[in-house]
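Hello,

Here is the structure I said I would pass on. Please open it first, then read my notes below.

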Amino acid sequence: MSSYKSDFLRTLDERGFIHQISDEKGLDDLFAKETVTAYIGFDPTAPSLHAGSLIQIMMLHWLQATGHRAVSLMGGGTGMVGDPSFKDEARQLMTLDTIEANIASIKRVFSNYLSYGEGPRDALMINNAEWLRALNYLEFLRDVGRHFSVNRMLSFDSVKTRIDREQSLSFLEFNYMILQAYDFVELAKRYDCRLQMGGSDQWGNIVNGIDLGHRMGTPQLYALTSPLLTTSSGAKMGKSANGAVWLNADMLGPYEFWQYWRNTEDADVTRFLKLYTTLPMAEIARLSALNGPEINEVKKILATEVTAILHGREAAEGAAETARKTFEEGAISADLPTVEVPGAELEAGIGVLAAFAEKAGLVASNGEARRQVKSGGLKVNDATVTDEKAVLTKADLTPEGVIKLSFGKKKHVLLRPL
């Protein structure tokens with residue numbers, strides 16, 4: 001049983017979100033007696049976050065669900081610098097237009113997890129550009145920079161690993177941790193924000209903010225980090241064989257998103273049910289007790305629940321039904337990922353290797369496609385490809401007007417002529 005008094009920490013603890021807390025008792029007491037404002041920062045490095053960010057978003061969800069105020073902080077200011085934490089090289093610098101466009105695109109996802117508004121417990125979406133872009137450099141150095149010890153900053157793992165490997169760390173990036181610490185202080189002053197949460201790689205940056213707050217006269221601030229997640233086989237969360245598992249539907253459709261979770265390794269199912277769904281713990285315990293062939297049914301429940309929060313229940317159940325028809329009935333569903341090809345190309349004929357590699361992106365290269373043909377791993381319209389020199393033409397179109405390409409049992413793409 002959890003030893004926490006507050007609903008929030010108890011929920012996070014039993015669901016596996018807690019890696020480290022700066023002052024457990026102090027934070028638990030605070031949550032038990034008042035409505036607490038807490039935040040997590042998200043840097044707009046792409047037009048969408050990916051599944052690796054879901055653990056953080058779910059922490060904010062549970063914060064609000066247990067009666068507290070969640071702040072999703074957009075890094076419109078810090079995004080101009082880039083977080084160097086545990087990166088081998090500097091991030092590409094983005095223009096202001098790119099940063100603004102990325103923030104607008106990312107924002108759309110959050111309202112599926114949090115309820116925003118003006119009430120005391122409604123979530124806030126704040127952009128740190130509000131205070132960072134207006135800073136006067138000399139005043140900032142004098143008022144904030146003087147509180148930072150370079151010796152101490154050099155000892156942080158995120159900086160040390162770059163220096164130990166003799167990889168360049170620019171002065172611009174070195175400033176990132178000062179800016180992140182200053183964010184915490186500004187949020188404490190403006191919104192009475194007392195807690196910053198993040199992945200365990202952010203511990204040093206968050207503790208810096210607590211220290212700066214102490215020196216600049218804020219109330220006691222707190223840090224809470226979640227474990228850095230990998231799958232049981234060591235793969236990074238949010239990455240699949242086909243690239244990032246994006247959260248925005250225009251970058252990855254509900255069906256592909258559902259499939260990512262359906263393919264969860266057996267050893268990860270219980271952990272992922274706790275972290276990524278809102279199913280009650282008793283229900284998760286019941287599902288976790290199932291084994292053998294039943295675990296595949298549990299994976300479908302996991303996939304449907306995770307997809308329902310992000311894309312809506314209807315889209316999630318549609319994805320589950322598409323998968324059922326595709327795998328159990330061998331049917332062609334309009335919801336499968338579709339790639340359009342010029343009709344003239346089909347008239348001339350598309351080599352089967354190029355169709356799988358270049359058109360559909362089901363395999364990384366023509367060479368990989370050739371290897372898969374030899375092992376019987378590729379199918380066209382549910383028939384195994386045996387000839388690597390085969391050519392796809394209009395004659396291969398099904399009655400639905402598509403050509404179905406399959407790699408293994410779970411990856412399918414429809415080619416549709418323009």
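Predicted model: local features only at pLDDT ≥ 70, side-chain atom pairs only at ≥ 80, totals over all residues.

In helix α12, Y255, F257, W258, Q259, Y260, W261 and R262 are buried. Seven of the nine residues of α12 (residues 254–262) are buried, so the helix is largely enclosed by the rest of the structure.

W261 leads on to the nonpolar cores. The largest one has 68 residues, and W261 and Y276 have the most contacts inside it. Helix α3 (residues 54–65) gives the most to this core, with eight residues. Leaving out residues up to four places away in sequence, Y276 touches L54, I55, M58, L229, M237, W261, V306 and I309. Another core, of 31 residues, lies apart from the largest one; I126, V144, I206 and A223 are among its members. As a rule, nonpolar side chains in soluble globular proteins tend to be buried together.

Next, T277. It is found in the loop between α13 (269–276) and α14 (281–288). Is T277 buried or exposed? T277 is buried, because its relative accessible area is 0%, and buried means under 20%. A polar atom of the T277 side chain lies 2.6 Å from the backbone oxygen of L273. Neighbours within four places in sequence aside, T277 is in contact with R15, M58, W62, F272, I284, L302, E305, V306 and I309.

Now the strands. Six of the six residues of β3 (residues 69–74) are buried, so this strand is largely enclosed by the rest of the structure. Both of its faces are covered. R69, V71 and L73 are on one side, and A70, S72 and M74 are on the other. In a regular strand, side chains alternate between the two faces of the sheet.

Which strands pair with β3? Strand β2 (residues 37–42) runs parallel to β3, joined by six bridges. There, F42 stands opposite M74. The chain crosses from β2 through α3 to β3, and this β-α-β crossover is right-handed. Strand β4 (residues 124–127) also pairs with β3 in the parallel sense, over four bridges. M125 in β4 is the bridge partner of S72.

Last, an open sheet of five strands. The order is β9-β15-β14-β11-β12, and the pairing is mixed. β9 (338–341) and β12 (383–384) stand at the edges, each with a single partner strand, so one side of each is left without a neighbour in the sheet. Strand β11 (residues 378–380) and β12 run antiparallel and are joined by two bridges. K379 stands opposite T384 in β12.

Best wishes

Technical notes. Residues numbered from 1 in each chain as written. Heavy atoms only, no water. Buried < 20%, exposed > 50% of the residue type's maximum accessible area, 1.4 Å probe, protein only. Polar contact = N/O pair within 3.5 Å; in protein donor to acceptor, adjacent residues only side chain to side chain. Contact = heavy atoms within 4.5 Å. Pairing = 2+ DSSP bridges. Core = buried A, V, L, I, M, F, W, Y, C linked by side-chain atoms within 4.5 Å. Right-handed = clockwise from strand over helix to strand, strands pointing away.
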